[in-house]
Amino acid sequence: MTASTTRRTTAARTRIAAVGAIAVAGALLLTACGDQTNSGSGSSETGAASSAALFDKLPKKYQDSKVIKVGTDAAYAPMEYEEGGKIVGIDPDIAAALGKELGVKFQFTSGTFDGLISSLNSGRQDVVMSAMSDTKARQDGLDDKGKKVGQGVDFVDYFTSGVSLLVKKGNPSKIESLDDLCGKKVAVQRGTIYEDTFKAQATKCKTDGKGTLTIEAFDTDAEAQTRVKSGGAVADLNDYPVAAHIAKTAGGGNDFEVAGDQTDAGPFGIAVDKDNAQLRDALKAAVDAIIKNGEYAKVLEKWDVKNSAVTEATINAGK
């Protein structure tokens, strides 16, 4: 997918358990406010031995602490979500594999998605790993209006995905594409690329004279899903693996369905402060190592997202 037109980020994001309970209802209780952290967050289980293959590539700070602090929004199954007081999912499993190569523990803490980069820039977190799209705007520190709001971040790209519309089961509004949303109301998580996609579609609807597209933005995707389930909005937008998982599991598969085709594949990246190039490069080496040794493929197979695999790590490949 083209990351500038579809995915979880402020300038242009992107969640196997009972999603009906986790993503639609429980996530409201599990996600912290703003960019504050969640004291109930979990961490990936890794060894912390200095004999790890890539330990020497890390900055001394992490060699000493043997911990990399990770900001995430743990309300997005199967990418990351809370279960039994611990943050689990695709991203934590990939992080655990990375930790074995680097000899450190990735300690996940949850906050709302639109505050994650702030937590990185403030130094509260060392990286962000939250199904976050790598986009040029984020690299450059631009907001959704193109205004400079920070120095930007670097991304180590490790996953790819397209996006899909999530609608109420039975698709009562007969939504098959973004163009079918004109004159209707949609729900979306605030501060994500999906919100930007809907905004762009609203402009197109107006230009084409096809009616006003009304957008309701919420702090969490769970709230957006609830709005669609209740009939207050006709669609939510999510990464395809997430949308498909929600449709399969929420309400025993009776709450939602995926409408239309998956569109525009683009990369998810681990966000790193631009002043932390040594950590960025160590993470890239670790991603390449787990791809080579097969641990990466094991994680993707476990979560049934093999079609989202990359063949090598890249830096700032988003557009």
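Biologist: Is Asn 316 buried, partly exposed or exposed?

Modeller: In this predicted model, Asn 316 is partly exposed, its relative accessible area being 23%. Buried would require a value under 20%. The residue sits in the segment after strand E12 (314-315).

Biologist: What is the phi of Asn 316?

Modeller: The general idea is that most residues other than glycine have a negative phi. Asn 316 is not a glycine, yet its phi is positive, about 55°. Lys 66, also not a glycine, has a positive phi of about 55°. Lys 66 belongs to the loop between helix H2 (60-65) and strand E1 (67-72). With a relative accessible area of 26%, Lys 66 is partly exposed.

Biologist: Which residues of helix H8 are buried?

Modeller: An α-helix has 3.6 residues a turn, so residues three or four places apart point the same way. In H8 (residues 240-249), the buried residues are Pro 241, Val 242, Ala 243, His 245, Ile 246 and Ala 247. Over the protein chain, buried residues account for 55% of the 319 residues.

Biologist: Where is a cis peptide bond found?

Modeller: Most peptide bonds are trans. Here a cis bond joins Ala 77 and Pro 78, with omega about 5°. Pro 78 is in the loop between E2 and E3.

Biologist: How do E2 and E3 pair?

Modeller: E2 pairs with strand E3 (residues 80-83) in the antiparallel sense, over two bridges. Tyr 76 has Glu 80 in E3 as its bridge partner. The open sheet has three strands in the order E2-E3-E4, with antiparallel pairing. Its edge strands, E2 (75-76) and E4 (86-88), each pair on one side only.

Biologist: How many disulfides does the structure hold?

Modeller: A disulfide is a covalent bond between the sulfur atoms of two cysteines. The structure holds one. It is formed by Cys 182 and Cys 205, with 2.0 Å between their sulfur atoms. The pair links distant parts of the chain, 23 residues apart: Cys 182 is in the loop between strand E7 (153-168) and strand E8 (185-189), and Cys 205 is in helix H6 (residues 193-207). Both cysteines, Cys 182 and Cys 205, are buried.

Biologist: Why is the disulfide of Cys 182 and Cys 205 called left-handed?

Modeller: The torsion about the S-S bond of Cys 182 and Cys 205 is about -80°, and the disulfide is therefore left-handed.

How values were computed. Residues numbered from 1 in each chain as written. Predicted model: local features only at pLDDT ≥ 70, side-chain atom pairs only at ≥ 80, totals over all residues. Heavy atoms only, no water. Disulfide = S-S within 2.5 Å. Helix = DSSP H or I, 4+ residues; strand = E, 2+ residues; numbered from the N terminus. Buried < 20%, exposed > 50% of the residue type's maximum accessible area, 1.4 Å probe, protein only. Pairing = 2+ DSSP bridges.
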